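Here is a friendly look at how one protein model packs on the inside.

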Amino acid sequence: MIMPCIWFLLAASWILWLFIYFRVRFFERTFPSLDSDTPTEDSDSGWPFISILVPARNEEQDVAASLAALIRQDYPHFEIIFVDDESTDRTQEIARHALADRPDGQVIAGQPRPSDRWVGKNWALVQGVEKARGDWLLFVDADIILHPSAVRKAMAVAREFHVDALSILPSLDCHSFWEKCVMPLFATLSVLVEPMDRANHPEKRGSRLAGAFLLIRRTAYEHVGGHRAIGDRIIEDMALAHNLKVHGHAIWLAYTKDLARTRMYDSFHDLWKGLSRLSFPMLRYSVALLLAAYAAAIVGTLAPWLVLVFGFVSFALGHAGGLPLAILGGLLCLFSRHALRRIFSVVKIPSHHAWLLPLAASLYCLAATYAAFCHFTGKGINWKQRMYHHA
């Protein structure tokens, strides 16, 4: 009875990894990269004025470098509006110092949220947009470091493709063990769960933008209600992308090697909070999808190693079927690493970290389970020293 189950698990795992392999290869061929050396045409009719809005809460470690990179942009016409979301550290002080000599820069001390249902980032951006003068708005997270040509390249492509919103997925700086463990899984899920290439096709239903760097035409932003329409959404970029696509606005998503970079989590504590914040909402608060995530984790990351070990043990005990199981399980372990080779190059992590995928998948599922428990018990999701509840 055990042997047929092992063969079934092996077959299911091979099917899943073949799907992942071809999906990633398709992603490589069809999903665009926007980099500093990407050829773009300069505007003949003048560059539109851009309001760059930076919402921040307790970002004292990153805000100075982020604002310095914004100040160095080679784009000709822009302003910087920094909105401090009731930080309890030196974030606002550092921002004021960084923009002190900039007549086109201002720091706003954000007002308290209208209610606990408002997500802090969304409310901060609402306040920033009210002060903005630009025909285009650029939302940039306070931990993003931009290449000097990032804004100009983004605007050039937005105008070339005639889109109302353009977003760049930043490259990830990963230093700690846990970052190198989990970030490749996050990147893989981005390719599989919400296929990013569909966002760029008006006829397809998929929609996605990256809140870390999001350039949007002001008229389109106001047409869909902006962040007021999604005030309670934790994953606000996905919600805004959906609203834009539903209302017929063209959007464009690209990844980059060097135009924007960030280090998302610099400790296990922050990583766990980030996973808890994103995992269950990514699963649309669905228990069924949570169970599907567990099944995918077992079939995709644990099964190859279980089959390999079971095959060797069976062969050692004299069972003839053990050797082919061990061989196929070992080949699958190697193939899974090969299938994600491009993903690992994008996140700039050596591919041998693919052996950590079972640990990463287990951690993701545990964080999603914890977030589900907090959701259904009314505790809510803790982010930036605030509790958020989803209706």
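Predicted model: local features only at pLDDT ≥ 70, side-chain atom pairs only at ≥ 80, totals over all residues.

Let us begin with the largest nonpolar core, which has 59 residues; Trp17, Val182, Met183, Leu185, Leu275, Leu340 and Tyr364 touch the most other members. Several elements each supply at least two residues to this core, among them α1 (2-30), α6 (177-192), β9 (251-255) and α10 (287-316). The element that gives the most is α13, with 10 residues. Leaving aside residues up to four places away in sequence, Met183 touches Leu172, Cys174, Met264, Tyr265 and Ile349. There is also a second, separate core of 40 residues, including Trp47, Leu70, Phe82 and Val151.

Next comes strand β1 (residues 50-56), where 7 of the 7 residues are buried. Which residues of β1 lie on each side? Ile50, Ile52, Val54 and Ala56 are on one side, with Ser51, Leu53 and Pro55 on the other, and both faces are covered. β1 runs parallel to strand β2 (residues 78-84), and 7 bridges join the two. One of the bridge partners is Asp84 of β2, which pairs with Ala56.

Finally, the second largest pocket has a volume of about 160 Å³. Its lining includes Trp272, Lys273, Tyr370, Cys374, Ile381 and Met387. Two or more lining residues come from each of α9 (268-282), α13 (357-376) and β11 (381-383).

Terms used:
Residues numbered from 1 in each chain as written. Heavy atoms only, no water. 1 Å grid on protein atoms, 1.4 Å probe; cavity = no way out; pocket = protein on both sides within 12 Å on 5 of 7 lines; lining within 4 Å. Points joined across faces, edges and corners; volume = space filled by probe spheres on them. Helix = DSSP H or I, 4+ residues; strand = E, 2+ residues; numbered from the N terminus. Core = buried A, V, L, I, M, F, W, Y, C linked by side-chain atoms within 4.5 Å. Buried < 20%, exposed > 50% of the residue type's maximum accessible area, 1.4 Å probe, protein only. Contact = heavy atoms within 4.5 Å. Pairing = 2+ DSSP bridges.
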